[in-house]
Structures are given as structure tokens and as C-alpha cells.
Amino acid sequence: MIAIGLMSGTSLDGVDAILVEIENDNYKVIKFITKQYEQSFKKRILRNLSDSTAKLSEISSLNFELGHKFVEAIDELLKDTNYNYKDIDFVASHGQTIWHDPKGVKCDNAFPSTLQIGEPSVISYKTGIKTISNFRTMDVAAGGEGAPLVPYSEYLLYKSDTQNIVLQNIGGIGNLTYLKKGCSLEDMFSFDTGPGNVFIDYFSNKYFNAPFDKDGMFASKGKVIKELFEYLKEDKFIYIKPPKSTGREQYSVEYMEFLDNKFNLKDKVKEDIICTFTEYTAYTISYHYLNYLNDIDLVIVNGGGAHNKYLINRIKELTNLKIITGEEYGINSDSKEALAFVVMGYETLHGRPSNVCSVTGAKDYVILGNITLNPLQYKNE
């Protein structure tokens, strides 16, 4: 079986697309790419992550536009391979989360909800490939956080009988999975740790015209702005006991501009700004290790943050733990989440659940995702 996984995360870098061969429940990566978003498109997505600037008309349009961008990513992925649309058994698409409120607390009379855009009908119609999408919604319907969802794949692919492993993802948001040696699925522990690269990327772009802090070079030349750091540490989310999840609806452009104005950052040393937000990300991750996890033998960092050497070193210094990147362990840091959705899509097609109740807080193990069939399949029958 040949499958494609699509992931667009909170960092908004672009579409991660992975081509995978599945045989006897084993997953072999054939090819991985990231198709970058144009800056203008990214700005429109960002604008619609906040209640105060979102527009229904634009969200509806973006839903379909993103579906077309996913098709473009599939085309780029298949280029220079021996595969075409007809060879692909299914596409598993995470979509792009634009609102996440699993507790139903972020507006008046709110129900627990989550919303991902990236219309699967566009993918299925344009490619003729069966498409699985909306993985988070069923877990939320079952009373869960709808996040993190990757722990199921992490349990299948990375559990160890000899080591207590933390798999730390640092995308726009940080999240971790704790795999105690010899653990069962029910033993798993996973949750969002708070901001990952979201602050670092935003202010690197604003003050250095750079999409991110490459290797942590900006941060390494700065020092912490104490009053800003102490204010950031008051974030109540960090101290909520897991399970918990968050997203850009909390760490929004509006909030980051509030911080910019409150602390008059335009007049501060620019390297100090990046250093402070990097220190805060390191603090939030380290806080959770030290307060909620025991007996950590190894931390494996994936996601864009795995490339930030300064950030990784600060987490090491704060925790005194052995910390390596996914590449050092044999995992592609950037493709790990796209692969996770292939795993979940495969489980969905076989009628098997792929959420983890101990992680999300869901009342039941449930089959995740909506299946959109090839709408023109009848023509070939």
C-alpha cells in the first residue's frame, strides 16, 4: 500500500508532504518535501486565527484554497518518482488548525470544538485519491482535547523496552510524549507544553526580516529582558495539570503585538528580544520535565525547533538531561508529524481507533477522521 501524509502545523512554514510504503504494518518513507507558503498567504491565515480579525468569507475561501495547495504539494512530492495518482491508496491530511477550544471556554455559550481547514473534497476530486481528514474532531466529540494526536504513532514506532524516552516536538507550539520503558498504550503521557517557535519566529521576522532564528544565532547574541520574561512566566496555561492543549488562538498575532507594545520592544536590543522568547520556550519545556515526568533517560527533539542549537542547549542546561535531535536518533525531525497522520489514516481505513485516552482525556478510544471517497470512482466501475 502506498500513502501520502499532509501536515500544516502551527509554525505555518508550509505543507509537509510525505510518501510512504506500508507493508505488514511497517512504514517505509520514500520521499519527503515541504512546500513553502507564500508570505501573502501566510498573512491571510494568521489574520484568521484571531477572533478580532477573522472573516467568515475569508475562512471559507481559505478552506478551498488550502485544499488546492495540498494538491500542489502532492504534485511536487510525486515529481521525479515512479508514482502517480492512481498508485496512491489514500491521502491522510491533517489540514490547518485555525481554532481549537476543546473545553468550550473561549466564547459565550461555547461548545467544545476544533476547526481545521484544507477542504478534502478538493484533494479527492483533483487527484481521485481517497482522502482522510479531520482527525481531531472525533476525539473532541468523545470529550477529549483533540490533541496531541501523534502519540499513537509514537507508541507504535518509537517505544523502547530499555529506555524512558521523551519525544519533544517544537513546532509553533511545543508538545511532548513520554514513553516509559515497556509501556502499554494506556501508560502513555502526552500534552502541549506551550509556545514552541511561535514567538521566536514572529519576532525574528518582525525585527530581523528572517522567517526564524537560524541555529539560534540571534538569541545567542542577546540577553534576557527580565521584566518581559517574568511577565511571560505568568501564563496560566503552563501551570495547568495535563492533559492539556493549546494553539495560535491563544498565542496569536494580536497577543504578540500586545507584548510588543506593552514592553516597548521596538526600543530594545533586537537580539535581547529573541533571546528572551527563546529562554521562555526553554523554560516552559523544562518546567514540564521537572514537574510532571520521572526517570527520563533520553529526550529526542523533533520539529523546526530541533534545528535551533541555542534553544536545545538551554533546555539541556536547565534540565541536565541527555537531549538529542531526531536526526541523531534516526528520525527525520521535520517529517515525523506527517508520517504520524499516515499511520492514523491507515488505522482509520482498517476501522481501528488511534487516539490515546490517557493523553487527550477522551471517554473512549475512537476511530478518527472523515473519509472522502474518490467522487469519480463510479466511472471506472
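Which residues does Ser 124 touch, not counting residues up to four places away in sequence? In this predicted model, local features need pLDDT of at least 70 and side-chain atom pairs count only at pLDDT 80 or more, whereas totals for chains, interfaces and linings use all residues. Residues are numbered from 1 along each chain as its sequence is written, and side-chain values use heavy atoms, with hydrogens and water left out.

With contact defined as heavy atoms within 4.5 Å, Ser 124 touches Ile 129, Thr 131, Thr 372, Leu 373, Asn 374 and Pro 375. Ser 124 belongs to helix 3 (residues 120-127); helices (H or I, at least four residues) and strands (E, at least two) are DSSP runs, numbered from the N terminus. The relative accessibility of Ser 124 is 0%, and the residue therefore counts as buried. Here buried means under 20% relative accessible area, exposed over 50%, and partly exposed in between, for a 1.4 Å probe and protein chains only.

Helix 3 also packs against helix 2 (residues 56-78), at an angle of about 40° and with the axes 7 Å apart. Axes are lines fitted to C-alpha atoms, for helices over the stretch in contact, and angles run from 0 to 180 degrees between N-to-C directions. Helix 2 and helix 3 are therefore oblique to each other, given that angles under 35 degrees count as roughly parallel, over 145 as roughly antiparallel, 65 to 115 as roughly perpendicular and the rest as oblique. The crossing of helix 2 past helix 3 is right-handed; a crossing is left-handed if the near helix is turned anticlockwise from the far one by less than a right angle, and right-handed if clockwise. On the helix 2 side, Phe 64, Gly 67, His 68, Phe 70, Val 71 and Ile 74 meet Val 122, Ile 123, Lys 126 and Thr 127 of helix 3. The residues of this contact divide into six nonpolar, three polar and one charged. In this classification, Ala, Val, Leu, Ile, Met, Phe, Trp, Tyr, Cys and Pro count as nonpolar, Asp, Glu, Lys and Arg as charged, and the others, Gly among them, as polar.

The contact of helix 10 with helix 11 comprises ten nonpolar, four polar and two charged residues.

Five strands form an open sheet in the order 9-8-7-10-11, with mixed pairing; two strands pair if DSSP finds at least two bridges between them. Strand 9 (189-195) and strand 11 stand at the edges with a single partner strand each, so one side of each is left without a neighbour in the sheet. Neighbouring strands of this sheet are turned by 25° against each other on average, direction ignored. Strand 7 (residues 165-170) and strand 10 (residues 298-302) run parallel and are joined by five bridges. Ile 165 has Leu 298 as its bridge partner in strand 10, and Val 166 stands opposite Val 299. Strand 10 also runs parallel to strand 11, with three bridges between them, and Ile 300 stands opposite Ile 324 in strand 11.

In strand 10, five of its five residues are buried. Leu 298, Ile 300 and Asn 302 lie on one side and Val 299 and Val 301 on the other, so that both faces are covered. Helix 5 lies across strand 7, strand 8 (173-179) and strand 9, at about 45° to strand 8. Helix 10 lies across strand 7, strand 8, strand 9 and strand 10, running at about 150° to strand 9.

Backbone geometry is considered last. Most residues other than glycine have a negative phi, and most peptide bonds are trans. Ala 147 and Pro 148 are joined by a cis peptide bond with omega of about -15°, and Pro 148 is found in the loop between helix 4 (135-141) and helix 5 (151-158). A cis peptide bond also joins Pro 242 and Pro 243, with omega about 5°. Asn 24, in the loop between strand 2 (14-23) and strand 3 (26-36), has a positive phi near 55° and is exposed, with a relative accessible area of 68%. Asn 320 has a positive phi near 60° and is exposed at 71% relative accessible area.
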